[in-house]
Structures are given as C-alpha cells and as structure tokens.
Amino acid sequence: MKIKTASLSAEPLRVQALLQPAILGLDEPAARGKDPISIDLSLFLIDDLVLGRGRVETTVELQCGRCCRWMPWPIRLPDFQVRLRPPLPLWIDLTPFVREDILLALPMVAVCDERAAGGCSPEGIRTLNETEVQQSIHGTDIWGILERFQRNR
C-alpha cells in the first residue's frame with residue numbers, strides 16, 4: 001500500500017484499501033492469513049512529519065494450543081497510528097507498519113473458548129465442581145498465624 005508523499009498536506013487524505021493476507025507472511029505451522037486486511041486511514045503532513053490514524057481489521061486462522069483445531073481469530077486495531085519523520089521518500093509504503101501491528105496483536109498461544117460450542121474438549125481441562133471446594137495452598141490456618149504477631153508500639 002503505497003502513497004505518494006507529494007499528495008499529502010495538512011488536510012487529511014483518507015485512504016481506504018483492502019490488502020491481501022499474504023502480506024502478513026504467516027507461514028507458521030499454527031497460523032495462517034484468512035481474510036483480506038481492511039484499512040481505513042487519514043493521513044496528514046504536518047511540518048515534514050507524516051501522521052496517520054485510523055483502523056485496521058482482519059481475521060487470521062490460528063491453531064488452538066490445547067485441541068489443535070483451527071479457529072478464526074479476529075484482529076481489530078481501532079487506534080492504528082503511524083508516524084514518519086524526514087527524510088521522506090517519494091512513495092511511502094504503509095504495508096510494513098500494518099503488518100507489524102497485526103503480528104503484534106496475535107497471541108503467543110491461541111486457545112479456544114472452553115464455554116463456546118465446538119471449543120476444546122473437556123478431557124484434560126480441570127473444572128471446579130459445585131461440591132468441590134477450592135483450598136488455599138497455605139492451609140486453613142494462615143490468618144491464625146498472622147494474628148499471633150503483635151504490633152510494634
């Protein structure tokens with residue numbers, strides 16, 4: 001996504017575009033691009049500084065870290081921003097900035113929502129039964145130990 005620097009001014013230049021998911025370079029075993037990347041930006045040129053604000057949205061497919069099923073993972077960046085300082089090139093390529101912010105929004109390990117239909121299977125997931133009471137790892141008398149201390153006077 002390239003913008004000619006000479007077309008920028010103090011008046012906002014609205015840029016709406018769809019980029020192919022291939023720009024993300026998600027050739028990972030547990031992640032792949034799915035939907036086109038929707039971009040809606042306003043670009044300004046203020047005192048030789050290029051400012052861009054807007055939103056970026058897409059959906060990628062990630063593999064669940066527990067059940068290994070593929071699931072859609074929406075990425076929404078409503079406050080996407082870019083700043084470029086001089087020297088400015090003749091053409092500004094915003095693709096690397098969009099790619100970087102999307103990749104930074106991805107989780108390290110994606111996990112299904114356990115409560116959603118089609119989510120992770122219950123095997124291996126420990127749930128708290130209604131009859132089961134969760135105990136402190138310190139035992140039941142932890143507050144009694146603290147009450148033995150007296151305040152310094």
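Arg 69 is found in the loop between strand S5 and strand S6 (70-84). Strands here are DSSP runs of E with at least two residues, helices are runs of H or I with at least four, and both are numbered from the N terminus. The model is predicted: local features need pLDDT of at least 70, side-chain atom pairs count only at pLDDT 80 or more, and totals for chains, interfaces and linings use all residues. Residues are numbered from 1 along each chain as its sequence is written, and side-chain values use heavy atoms, with hydrogens and water left out.

Arg 69 is partly exposed, with a relative accessible area of 39%. Buried means under 20% relative accessible area, exposed means over 50%, and partly exposed lies in between (1.4 Å probe, protein chains only). Arg 69 and Cys 112 are 43 residues apart in sequence. In space, their C-alpha atoms are 8.4 Å apart.

## The chain as a whole

The protein chain has seven strands and two helices. From the N terminus on, the order is β-β-β-β-β-β-β-α-α. The chain has 153 residues, and 29% of them count as buried.

Contact means heavy atoms within 4.5 Å. Take the contacts between residues at least 6 apart in sequence: 60% of these join residues at least 24 apart. The chain exposes about 11200 Å². Carbon and sulfur atoms supply 52% of that area. Accessible areas come from the Shrake-Rupley method with a 1.4 Å probe; for residues, only the protein chains shown count as cover.

## Salt bridges

Side chains of opposite charge can pair when their charged atoms come close. A salt bridge is a side-chain nitrogen of Lys or Arg within 4 Å of a carboxyl oxygen of Asp or Glu. The count comes to three.

Arg 14 forms a salt bridge with Asp 40, with the closest N and O atoms 2.8 Å apart. Arg 14 lies in strand S2 (residues 13-19) and Asp 40 in strand S4 (residues 37-46), so the pair ties together parts that are 26 residues apart in sequence. Arg 14 counts as exposed, at 54% relative accessibility. Asp 40 counts as buried, at 14%.

Arg 32 and Glu 61 also meet in a salt bridge (2.6 Å, N to O). This pair links distant parts of the chain: Arg 32 is in strand S3 (residues 31-33), Glu 61 is in strand S5 (residues 49-63), and they are 29 residues apart. Arg 32 counts as partly exposed, at 35% relative accessibility. Glu 61 is buried, at 19%. Another salt bridge joins Glu 57 and Arg 55, with the closest N and O atoms 3.9 Å apart. Glu 57 is partly exposed at 32% relative accessibility, and Arg 55 is partly exposed at 30%.

## A nonpolar surface patch

Met 108, Val 109 and Val 111 form a nonpolar patch on the surface. Together they have about 340 Å² of accessible area. Patches are made of residues with over 30% relative accessible area and no salt bridge; like charges are joined within 9 Å, and nonpolar side chains (Val, Leu, Ile, Met, Phe, Trp, Tyr) within 5 Å.

Met 108 is placed in the loop between helix H1 (95-105) and helix H2 (142-147). Met 108 is exposed, with a relative accessible area of 85%.
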